[in-house]
Amino acid sequence: MRDQLSPARADSTQRRYEGAPLGAPSRRLRRSAAPAVLVAAAALLLAGCGGDSSAASVAKSSKPPTVEKLASALKCKAEIQKKVEDYRLGVCKADKTPYTFVTFKDNRAKRGWLDYSKDYGGTYLVGSRWLVVTDEPSKLGPIQAQWGGTVERGRSHGGHGRS
């Protein structure tokens, strides 16, 4: 029976042929550790979602505000300009400042629209499945206070088209 290798030596020899480093844990050990790692990662993710801020609770909402609700935060009535499958767009003026309000069917549609439109400049208040565009970022406070969102800036072209 001297021809047989010990289990540890056989495992080491097998891993050498499979290309694994000799100090690496065996497949059996890695397979049994994977569920524990997944459970720990899930626990960390869930622990980070326990905040009680009002902006976070708005972001968790499954339904975005409508164009009309966004406009009402500025005390203006939105005129719907476009209604298509992916989004709904309305405009209004409050205190002589023009605003564009857009709600989307999903965040992917929002991101595509936003990436394209940023080339035209402006300031964007961006929430989950909605956004507001204006040239006066200081006037976005009432909407942000009510619905949350983050401010993103469009690209500035430095006066294209002027002579």
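Which residue in strand 2 is the bridge partner of Lys83? In strand 2, Arg88 takes that place. The model is predicted, so local features are given only at pLDDT of at least 70 and side-chain atom pairs only at pLDDT 80 or more, while totals for chains, interfaces and linings use all residues. Residues are numbered from 1 along each chain as its sequence is written, and side-chain values use heavy atoms, with hydrogens and water left out.

**Overall content**

The chain holds six helices and six strands; these are DSSP runs numbered from the N terminus, helices being H or I of at least four residues and strands E of at least two. Along the sequence the pattern reads α-α-α-α-β-β-β-α-β-β-α-β. Of the 163 residues, 29% count as buried, that is, under 20% relative accessible area, with exposed meaning over 50% and partly exposed lying in between (1.4 Å probe, protein chains only).

An open sheet is formed by six strands in the order 1-2-3-5-4-6, with antiparallel pairing; two strands pair if DSSP finds at least two bridges between them. Strand 1 (79-83) and strand 6 (150-153) stand at the edges with a single partner strand each, so one side of each has no neighbour in the sheet. Neighbouring strands are turned by 20° against each other on average, direction ignored. Axes here are lines fitted to C-alpha atoms, for helices over the stretch in contact, and angles run from 0 to 180 degrees between N-to-C directions.

| Strands | Bridges | A bridge pair |
|---|---|---|
| Strand 1 and strand 2 | four bridges | Lys83 and Arg88 |
| Strand 2 and strand 3 | eight bridges | Val91 and Thr100 |

Strand 1 and strand 2 form a hairpin, with three residues between them.

**The disulfide**

A search of the whole structure finds one disulfide, defined as a pair of cysteine sulfur atoms within 2.5 Å. Cys76 and Cys92 form it, with their sulfur atoms 1.9 Å apart. The pair links distant parts of the chain, 16 residues apart: Cys76 lies in the loop between helix 4 (67-72) and strand 1, and Cys92 in strand 2. Cys76 is buried, at a relative accessible area of 12%. Cys92 is also buried, at 8%.
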